[in-house]
Each structure stands twice: as structure tokens, then as C-alpha cells.
Amino acid sequence: MMRNDPIKHVFIWPAVLVVLAISIFPLIYSFTTSFLSYRLIPPIPPRVVWFGNYATLLQEPRFWNAIVTTTLIAFIAVGLQYVIGFGVALALNARIPGERLFRVALLLPMLLAPVAVALVARMIFNPTMGPLNQFLSMFGLANLPFLTNGHWALACIIAVEIWQWTPFIILMMLAGLQTLPEDVYEAAELENASAWQQFWGITFPMMLPISAAVVFIRLIESYKIMDTVFVMTGGGPGVDTETLTLFAYQEGFKKFNLGYTSALSFLFLIAITIIGVTYLALLRPHLEKRR
Amino acid sequence: MLRRTFLMLTTSLAMACAAGQANAACSPDYSGVTLTVASQTGPYIASALKLGADEWTKKTCGKVNVVEFPWSELYPKIVTSLTASDATFDLVSFAPAWLPDFVPYLSEMPKAMQSGKDWDDVEPAYRERLMVWEGKIYSQSMDGDVHTYTYRMDLFSDPKEKDAFKAKYGYDLAPPKTWKQYLDIAEFFQRPDKGLWGTAEAFRRGGQQFWFFFSHAAAYTNNPNYPGAMFFDPETMDAQINNPGWVKGLEEYIRASKLGPPNALNFSFGEVNAAVAGGQVAESIGWGDTGVIAADPKQSKISGKVGSAVLPGSDEIWNAKTKKWDKFPAVLPAPFMAFGGWQIGVPKVGKNQQAAWDFVKTLTSPEVSGQAAITGGTGVNPYRKSHTANLELWSKIFSPQEAKEYLGAQADSINGKNVALDMRLPGYFSYTEVVEIELGKALAGQTTPQAALDTVAKEWNRLTDEFGRAKQLAAYRAAMGLPPKN
């Protein structure tokens, strides 16, 4: 009876239109633009090039370099964030003295704006005035080229990412740890299970679903890294630390090469989707075992 | 009752008179008008705009709101606003190189402003070249930019240093005439154990790096026998950036990076100024800000010891037409108008165009701009004849010797016979981005100078074809002051 009531359109259509306007239309517009050669500066009339932008990008070494750089940052940073974050969460969950103070202090980095963090990091890694090199020189060590050598610069960016986002992992893992049932651990202790056996046999498997979700969120977020790199190195030296989003920014907002940038965004979307799907496919057997 | 009415009438009359007087003080009267100006983040340029804004407010009762963006964000913000025909900004301050991209959206300067004493006072290099695009004036210079040479007079005049230098290199220690001498001096003063290094230049990507490289290369590529061929062949629009002159310039630029403070590769112009003012280096090249900051006792350890000169040159310059080195009887300096000095323009869509141009007039008047030029941190360098002629004005910050050398270097550079103009082309950022990337690789030793510049040349030619070779050629010739090609 209710199913045929025309009033349902009054409730549904505004929502559909809003979704179309703010989500679907820009996506379609961007997808269409990716098939055009379209520059705002210098103004060149749009011209259909079909898959030309995609083909150019796939042959562009800078694009592949950005893929590798972003993947390195994402996987190394998230991997270390997870290990450190899980470790700290376990420590905080063990009700150590001053646990509340540690919890607040450890969460602070996450609350700061990435641009501010990157600016502070840039000063810390400053070659002549930075405290880190001054500290190292006290031990007779030479000035290290923190932001002027590609490998060092990448390591610095990863270090900053870890410092800022490990608190997110701590927060989520701690929440997960606090929901684990106590009786399982009591039973394990009766069986004389060691701390390592308890962790590997109980804690880790039970935390797997939340671990999978947390790592997935961080991985996707890390692929979108832009502000930290922009402030710390600007993508340099050369293009050694240029990430996909920074590459897209340079093409879109410096050169105003809109067609090419749209194609780049869609390739980025495809790459993220492949990584996401592969990640979930690899984890599925382990997660299903837990059900 | 009567008394109260009388009191009210008297008060109203008094208020009306006061208002009348206030309006009379506003000439022209722009009360109620608020102009919005886009600027890079201060203090450089933004503080000069604020200085001009205060004067304009006193004169016209109008208000000026200076909106600041980081340097790297300024171009995108202005382009987005202009291309969307959005009247966000009544005025935009910008780099001369961006003018070709902005021209379709800017209004022409009123003819009345293009004549008179103040107009003639602007140095011809700006008035007749940088402010002009295809015969029309769309903007006004509010800053003069040419690279000059800065050195420590105390070191250069020390008899011990002079003797030691002559014994080692076989010629007198003095401001260098050639880039080889510049590198010799840097090498001589490279004493890390004493906290002294040879030179400081910008080497960081996004840190004004490529202008410093262009300054080196100008000496070997700006050939008076084939004018306008520094960046491109003005007949064919073929990129010249990988010719032997440019390669030599890059080799010397890389050599300079090894004669600077530790990790000089991370230096932008700000760090160059800090190194000079901190007495860390014996010499440096850069814009006029360096001299002004280094002379300021509040900011500098070498105040009173700041010498200036025209950039080094060469007696051999590559000829892009004959593809050979031309030999000249004497060293020919090629002062490079790096960046070229900030311009200010009025978008066509602006709602207060008359007021906006009036603000430009006040901001760039000899009095206001002269004050800005001698104020450290405004980023304003001399661009008017009156700026460099008025020694008394400069005696506030310089010693007589410093002032003489600084103003001499500025005036001789701007009016130099072989002054090299910076590149101005539509799609400027597309051209300079690849230069920055390849410079970074060459400085890091990941590629050779020749290979780096070959990559740049290839990309420049590709971009030129993509943007339209004929259109780009016409624009390039206009930028270099050459007549249109038939």
C-alpha cells in the first residue's frame, strides 16, 4: 500500500539530486575532461584526444616515479605506524602508571595540522640552523643532507608521517584492545601460556579485523599525501620525493593542464582501487576464519 | 524647547562642516571604496603595498585590503580568479613573466598615467620593455629586479688576503669581471673550519633557483650580435637552453653550489640573504635586497662592509645563429634582469578600476616607492632614476662607499648595454618547471649538465609545439623587444 504512495518521491528525489550534483556530476565532468586536451594557461580550446592523455601518462617516467615514491611512503610509513602503534597500545592497555598522561601526550601529534608539522620538521632538518644537525655535530658527525639528498629526504618524510599518524593507530588499537574479553586470557593463564603465546594466539587474531580496517584507512590516506611533501621538499631534489597528488597539483594548478590532470586523477583512482581490492582479497581468508 | 532646538541645529551644522572638511581632505575622494590587492605573503612586497595603502588612505580616504598568498600559491590564485571573471581582486601584484598569461584579463593603463614627470622617471628598461606587451601597457613596475654581485669589503681590502690571493691566482683580489674569477674568489675564501664559505646562491627547487642559473648562463648566451636569442632562436623558436653557452653556465652554477655553506642545495633566496648578513660568505649574487639587508645593523653582522658590483661577464659568447663562440675584445657584462621586478595590474572585471589605478599611481610615486626602496624587507629595489640618483635617501642605511657601490651597481646593471631580459612567455610555469626538475638532478649529480639541458630543450620544444609555435614565437619576440616577424 505504502509502496505506491507518490509521497515517497518527495523524500527520495531531493536526496538523489543532491548526490548527483555534488558527487556524480563532478566525477562525470572530470572523466569527460580526461579525454580532452584542455589547458587554461595558455588558453587552448578543448580538443578530443580520447585516450591520448592516459597513453602519455603511462609512458611518462615522472608518473611512474611518483607511483613508486607514493607507494614507498605509504607502505613503509603505514607498516611502521602499525607496529609502533600496536606496541604502544598494548603498553597503554597494560595499565602502566601515568597511562592517562601518556595517552593524551601520544595523541597530540595527530591533532596538529600537517602543514604546521611539516614546517617544524623543515626547521628541525634545516642544514645549518636545524637542531638535528647541530646535535649530530656535537659528536663530530658531518652535516647530513636531510632534505637535499633524495634518499634522506624520503626517509625524513616517512619519519614525519610516522610521528604524526602513529597516534591514530594507537587510538584505534587501544579501543579494540579494551573490548577483548578478559576470560580468554584467564583461561590461557591457567594453561600457563606465556605472554608471547597469549599475544600471538589470542590478541593478534582477535585484533585482526580492526587491524585490517585501520591499516586500510591509513594506507588510503597515505596515498593522498601532499601537504607534508609540498612544505618539506616541494617534491625535490629533482622529482625524488614527488608524490602522485603533488604531481597532479603541479599539472593542475601550476600549468592548468586540466585534461592531463583529470586523466592522472583517474589513473590514481584505478591504482588505489587495485591496491585496496588486492589488500582485502589477501586478508579475506584470515578474516573469514575469525567469523 | 527653543534652546534644545537651537543646540541640535548648531550640532548638526558643526557636524556637517566637519564632514565637509574631511571630504575636502580626500583628493580624489574615494571614501567608502575598499580595494582588494592580491600579494605574495609578506614582508616582501606585501609590506610595500601596505606602505602605499597607508599613503593612499591618507590622500583619498579609500581603504586597501592586502590579501597575501604564499609565493607558490599566488599564480594559481590569480589565474583562477581571472579566468573565472571573478572580481575578487581589484589589483593583482605579479611577476612580469606571468604578464603574457594575464594580458587577456587586464585593463590597459589609463593614457594620462603614461606621460609626465613621474612616468619619465621610470627606468627605460622597465617603462619601455618589461611593462609593455604588444605595444600596450597593462601593468606598472612596483619593484626593480636585476641580479647584482655582493661582497664583503673588509675581506677584499685586507692586505693579507690580497697578498695571499695574488700569490695563489696571479691577479688582484677585486670584484670579479668573469665567472671564473668569481669561482676563484669563492674557492679562496672557502674556510669551513673558520665558519666562512665562498659564496651563497639559491639552489632549492621552488626557491628562486633557476634565476641564479640564468644569471650565470646570461654571460655566455646573451649575444649582442644576435639579440634576443638567449632562451630561444628568435627566428625559429627552437630552444637554445642546451647550447654550449648554457652548458658552461650550468657547470659553473654547479661548481658554485660546492663552494657554499653546508647543504647550500637547500638554499632559497631567503637563506642566501641570511648567509650574507650573517657574515658566513665572502661573496654572493642576487637581488638588491641582499645589499639592503646586509647593511642593516639590526639584521646583519657585516653592516658597513657591504660592497656591490655588476654581475661578472665573459669575452666569449655563444652565437645561436652561427653556432660558434663569438670573441669580444673585452669582457662584456650581461646583467640579468632576473624576475624583472614585481608588477601591479588592474583586472578588467574589477569594480573600482579608476580608484585602483589611482592607488597604483600613489604606490609607485617617486616619494612612496623611494621610501619603500630604502626600507629593508619591503622587497622593493630601485626602478626609478630618482631611486638611484638620490644619495641622501640611501645614506640613511648605507655608508657613503656602500651607497656609491650599491647604487652604481644597480644603475649600471639596469642601463647596461648588454642587459639580459628574463623569459616571458605564455605557459611560463610549464617551461620553468622542467628546468627546476633537471637542475635538481644535475646539482645532485644524478645527471650531467649536458644531459639535463638536453631534456629541458626537448621538453621546451614539445611545449612550444603544443602551445602553437607561431603564437609562442610572436610572444617571445615581443618579450625580447624584437619587431614582429613577417
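Begin by selecting Ser215(B), which touches His147(B), Ile285(B), Leu311(B), Phe336(B) and Ala338(B) when residues up to four places away in sequence are not counted; here two residues are in contact if their C-beta atoms, placed from the backbone, lie within 7 Å. The model is a predicted one, in which local features need pLDDT of at least 70 and side-chain atom pairs count only at pLDDT 80 or more, while totals for chains, interfaces and linings use all residues. Residues are numbered from 1 along each chain as its sequence is written, and chains are lettered from A and ligands numbered from 1 in the order in which they are written.

Ser215(B) is found in helix H10 (residues 209–221) of chain B; helices (H or I, at least four residues) and strands (E, at least two) are DSSP runs, numbered from the N terminus. Is Ser215(B) buried or exposed? Ser215(B) counts as buried because it has 27 C-beta neighbours inside 10 Å, where the cut-off for buried is 20 or more other C-beta atoms within 10 Å, for exposed 12 or fewer, and partly exposed lies in between, with C-beta atoms placed from the backbone.

**The four-stranded sheet of chain B**

Select next the open sheet of four strands whose order is E8-E9-E7-E10 in chain B, with mixed pairing; two strands pair if DSSP finds at least two bridges between them. Its edge strands are E8 and strand E10 (306–309) of chain B, each of which pairs on one side only. Within this sheet, E7(B) and E9(B) run antiparallel and are joined by four bridges, and Tyr151(B) can be found opposite Glu283(B) in E9(B).

Helix H12 (residues 269–277) of chain B comes next, and it is mostly covered, with seven of its nine residues buried. Among these buried residues are Phe269(B), Val272(B) and Val276(B), and the buried residues of H12(B) pack against strand E7 (148–152), strand E8 (197–200), strand E9 (281–286) and helix H13 (289–295) of chain B. Just after H12(B), look for Gly279(B), which takes a positive phi of about 70°.

**The five-stranded sheet of chain B**

Move on to the open sheet of five strands in chain B, where the order is E2-E1-E3-E14-E6 and the pairing is mixed. Strand E2 (63–69) and strand E6 (139–141) of chain B are the edge strands, and each pairs on one side only. Strand E1 (residues 34–40) of chain B runs parallel to E2(B), to which seven bridges join it, and the bridge partner of Thr34(B) in E2(B) is Lys63(B). Helix H2 (residues 46–60) of chain B packs on this sheet, touching E1, E2 and strand E3 (91–94) of chain B, and its direction makes about 170° with that of E2(B); axes are lines fitted to C-alpha atoms, for helices over the stretch in contact, and angles run from 0 to 180 degrees between N-to-C directions. Helix H14 (residues 353–363) of chain B lies across E1, E2, E3, E6 and strand E14 (343–345) of chain B, running at about 55° to E1(B).

**Two helices side by side**

Now select helix H9 (residues 179–188) and helix H11 (residues 244–257) of chain B, which pack at an angle of about 15° with their axes 10 Å apart. That angle makes H9(B) roughly parallel to H11(B), since angles under 35 degrees count as roughly parallel, over 145 as roughly antiparallel, 65 to 115 as roughly perpendicular and the rest as oblique. To see the contact, show Trp179(B), Leu183(B) and Ala186(B) of H9(B) together with Glu252(B), Arg255(B) and Ala256(B) of H11(B).

**Across to chain A**

Where the chains meet, 22 residues of chain A are in contact with 23 residues of chain B. Helix H11 (residues 244–254) of chain A gives the most to the side of chain A that touches chain B, with three residues.

Finish with helix H8 (residues 182–190) of chain A, which lies largely in the open because the number buried among its nine residues is zero. H8(A) is followed by Asn192(A), whose phi is positive, near 60°.
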